[in-house]
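Reader: Could we go through this structure together? I would like to start with how accessibility is described.

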Amino acid sequence: MIARTKFQKKIVSLSKQLHGLTKAQVVYLREKLFDHGATLLKSGRMSCLDCGHEWEDKSSLIANVILGTECPSCNRELKVKQTRKKTFTQETYFQVITVFKGYQVMKLYKARKYQKSGDQQVFRYEKVYENWFSPQGKTEIVGQYMTSKWNEAWGGGYELRSYNTATDYTTAVNSKVIYPRKKFIPVLKRNGLSNSTYEINSFKLIMALLNNPKAETLIKSKQYALLDILAYHPNTIEDHWSSIKICLRNDYIVKNANDWIDYLRFLESYNKDIRNAKFVCPKDLHREHNRYVEKDRKARAKIEAERRAI
């Protein structure tokens, strides 16, 4: 995609200057995100799949499988694999959230680890895309193109991607592992974002905090479950904002946002006051939600029985 706007041209220029992974990030990726294993050879000797060292382990196989073992060469704690396989491949995504020249940046890497008994591990990683955010909430994406969501294959040149297409594949890969040392631009810090993303898709969360004032209210009041809903479905939060304000005034934390919103819909259908803290802030949401689910089920069953009797 050709950069046409001033903002797009700026992002493309900055992307070429962006540094890669630091030594500390590579060490974290290698050591923390992959399993470290050993296999038992036909000779009865143990083989470290990380460094390739072989040694005689006098512990029983059962003890090794349950408790693991330690490589006398690289001193890693190893999980013993009880299998005849000799080659292993692991893959993972790894996200780095940082700041570059006043812009918020999310970098996503795909890493692979190849292991074979008797050999040293082979470790490779590649950057698949970058999300760029301006302090004003504009965003552009530079990277490869996801050619298949089924096996998460990436291809094409590393270039500017259209926002609509890129949004699909960036949110599809909700990175489970984010480098713990995150950096945020001042406006995100002001809006309440610290070192945690609260298990919310980081792309959606940052976009919400830059473009929706209600996101700032929710994160500062620790309503993380509702914040997750807002990140994906802002209209749902907008529709129930008056009830959410009741929760905020009563220091009521919604822990299960899906059940709570479903519960509010039941209250509305039975003409209950959804601006009354008695209804909006139940002490036992699970019990009240299930009570209305059962009540609704019986009402529907009665209507269906009457319809069949006609």
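Author: A residue counts as buried under 20% relative accessible area and as exposed over 50%. Please keep in mind that this is a predicted model.

Reader: Then is Lys101 buried or exposed?

Author: Lys101 has 55% relative accessibility, so it counts as exposed.

Reader: Where does Lys101 lie?

Author: Lys101 lies in the loop between strand E6 (87-100) and strand E7 (103-116). Its phi is near 50°, a positive value in a residue other than glycine.

Reader: Which phi does Asn75 have, positive or negative?

Author: Asn75 is not a glycine, yet it has a positive phi of about 65°. Asn75 is found in the loop between E4 and strand E5 (77-81).

Reader: What is the order of the strands in the open sheet?

Author: Five strands form the open sheet, in the order E3-E2-E1-E5-E4, and their pairing is mixed. Strand E3 (54-55) and strand E4 (69-70) are the edge strands, each pairing on one side only.

Reader: How many bridges join E1 to E2?

Author: Strand E1 (residues 37-40) and strand E2 (residues 46-48) run antiparallel and are joined by three bridges. Ala38 stands opposite Cys48 in E2.

Reader: Turning to the helices, at what angle do H6 and H8 pack?

Author: Helix H6 (residues 202-211) and helix H8 (residues 224-232) pack at an angle of about 90°, and their axes are 9 Å apart. Angles of 65 to 115 degrees count as roughly perpendicular, so H6 is roughly perpendicular to H8.

Reader: Which residues meet there?

Author: From H6, Lys204, Leu205 and Ala208 meet Leu227, Leu230, Ala231 and Tyr232 in H8. The residues of this contact of H6 with H8 divide into six nonpolar, no polar and one charged.

Reader: And how many residues does H13 have?

Author: Helix H13 (residues 285-309) has 25 residues. From its first C-alpha to its last, H13 reaches 36 Å, close to the 36 Å expected at 1.5 Å a residue.

Reader: Which residues of H13 are buried?

Author: The buried residues of H13 are Leu285, Glu288, His289, Tyr292 and Asp296.

Reader: What do the buried residues of H13 pack against?

Author: They pack against helix H11 (257-269).

Reader: Why might residues three or four places apart point the same way?

Author: An α-helix has 3.6 residues a turn, so residues at that spacing point the same way.

Methods. Residues numbered from 1 in each chain as written. Predicted model: local features only at pLDDT ≥ 70, side-chain atom pairs only at ≥ 80, totals over all residues. Heavy atoms only, no water. Axes fitted to C-alpha atoms, helices over the stretch in contact; angles between N-to-C directions. Helix = DSSP H or I, 4+ residues; strand = E, 2+ residues; numbered from the N terminus. Parallel < 35°, antiparallel > 145°, perpendicular 65-115°, else oblique. Contact = heavy atoms within 4.5 Å. Nonpolar A, V, L, I, M, F, W, Y, C, P; charged D, E, K, R; others polar. Pairing = 2+ DSSP bridges. Buried < 20%, exposed > 50% of the residue type's maximum accessible area, 1.4 Å probe, protein only. Expected span 1.5 Å × (residues − 1).
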